[in-house]
Amino acid sequence: MNFTHSPYEREMKTIPHVPKEKTIHEILLKELVLHNTCQKCLLFSETENTCIFRVCPYAKQRTLDQNITVLEFIPFLVFETKNILLKKRLIELYKLIKGGSVKSMFRNELHKKAFNKQIDKYTKHGYTLSNRFIASLFVLTANSFLWNLCKRHIKPNAIDFSKIDVKGIKTDSYLLFKTAKDLYYKQHNVSVAELADKSITRDYILTIIVNGFLIARYGYKTLELELRPKECDCENK
């Protein structure tokens, strides 16, 4: 009921429109970059310009075929975790890879050299290495000090963590050590809360851990993938 004929009275009684805040998933889906091969898949939605699944059911085979990129793996992890802070950190990593700031899955050339040297030594002798062993090796070789402590206790597909003395090592090294152990034994000593906290898990450590997790899940071939689709000019999207 209006007491006057003034349009201002009607306007004041109107419930204001407050736009609904977008969820983290909606923001990510808007930015999501897919490989061009996705458009040929039966699961690809042309109307939404994305996949109808949040986690690609063919990811392992696409890794073997080299027609997926590291960039496309990150949303899988975002959708799987329930921790909002970790979701945000993973989206930050996604944007860095998308923008070209992340150049390699390895921390640096020393990391790459140490890891490849160890892998080559085993493969030359005909060993078939498990994904979890390779993932643990990837994480342990990311830190020179940690690697020097560990390398004497490693054999093909076998890491004797009980003999590795890590007393007094720095936080970064210890976090990598715990992560390698988790990947090897399929445990959860490193909590989601630790990964979400930047004061505990620095950005470069999170990147190494994510890469280690991808190797454990999808195999050694993830190291041979492109970081992002070549066909897509990601910076302009």
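A residue is termed buried at under 20% relative accessible area, exposed at over 50%, and partly exposed in between (1.4 Å probe, protein chains only). By this criterion, 43% of the 237 residues of the protein chain count as buried. The structure is a predicted model, in which local features need pLDDT of at least 70, side-chain atom pairs count only at pLDDT 80 or more, and totals for chains, interfaces and linings use all residues. Residues are numbered from 1 along each chain as its sequence is written, and side-chain values use heavy atoms, with hydrogens and water left out.

The protein chain contains 11 helices and four strands, assigned as DSSP runs (helices H or I, at least four residues; strands E, at least two) and numbered from the N terminus. Among contacts (heavy atoms within 4.5 Å) between residues at least 6 apart in sequence, 66% join residues at least 24 apart.

Six residues, the largest share of the lining of the largest pocket, come from α11. A pocket is an open set of points on a 1 Å grid over the protein atoms alone, where a 1.4 Å probe fits, with protein on both sides within 12 Å along at least five of seven lines; lining residues have an atom within 4 Å of a point.

Phe 213 is placed in helix α11. With a relative accessibility of 32%, Phe 213 counts as partly exposed. Beyond residues up to four places away in sequence, Phe 213 touches Leu 77 and Leu 183. The C-alpha atoms of Phe 213 and Ser 136 are separated by 9.0 Å, although these residues lie 77 residues apart along the chain.
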